Amino acid sequence: MSLTFTCQTELANIKAADITPARRFYQDILGLDVIMDHGWITTFGAARSMNVQLSIASEGGSGAEVPDLSIEVDDLDVAFEAMSASGFPIEYGPADEPWGVRRFYVRDPFGKLVNILMHKN
């Protein structure tokens, strides 16, 4: 028997004792909207349609660690300056990668390694 269905949403869950620092990183700097807030869980997203992908990796490319999350932005230099100015630890890059992206790695307030990237074309 074969069932047919379509996945509607894919999201990542990050465990945190205090979710307050997430607003600075994900909302204030990366510009995501708060689309749900129940006090014990806050979901960040965008009102506009976004591509949803899930990557399974044995390494992060170019010898880098596999990131916990990847977020594509439209201006990597602005994102890098905002993260640097806010004091979040930059762990890699910015780097132009041979597969056509420019990216950097940063730690979010919960220690998750976030790959911030922009396609070069």
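The side chains of E97 and R103 meet in a salt bridge, with N and O 2.9 Å apart; the term stands for a side-chain nitrogen of Lys or Arg within 4 Å of a carboxyl oxygen of Asp or Glu. Both partners are tucked away from solvent: E97 is buried, at 4% relative accessible area, and R103 is buried as well, at 3%. Here buried means under 20% relative accessible area, exposed means over 50%, and partly exposed lies in between (1.4 Å probe, protein chains only).

A word on what you are looking at: this is a predicted model, in which local features need pLDDT of at least 70 and side-chain atom pairs count only at pLDDT 80 or more, while totals for chains, interfaces and linings use all residues. Residues are numbered from 1 along each chain as its sequence is written, and side-chain values use heavy atoms, leaving out hydrogens and water.

The structure holds six salt bridges, and three of them are set out here.

| Salt bridge | N to O distance |
|---|---|
| E97 and R103 | 2.9 Å |
| E91 and R107 | 2.9 Å |
| E65 and R107 | 3.7 Å |

R107 itself is buried, at 19% relative accessibility.

Where do E91 and R107 lie? The bridge between E91 and R107 has its N and O atoms 2.9 Å apart. E91 lies in strand β4 (residues 90–96) and R107 in strand β5, so the pair ties together parts that are 16 residues apart in sequence. The other bridge of R107, to E65, has its closest N and O atoms 3.7 Å apart. That pair links distant parts of the chain, 42 residues apart, with E65 in the loop between β2 (42–45) and β3 (69–72) and R107 in strand β5 (residues 101–107).

Stepping back, the chain has two helices and six strands, in the order α-β-β-β-α-β-β-β. These elements are DSSP runs numbered from the N terminus: helices are H or I with at least four residues, strands E with at least two. Buried residues make up 29% of the 121 residues.

Finally, look at Q8, in the segment before α1 (20–29). Q8 is exposed, with a relative accessible area of 69%. The C-alpha atoms of Q8 and V52 are 9.7 Å apart, although 44 residues separate the two along the chain.
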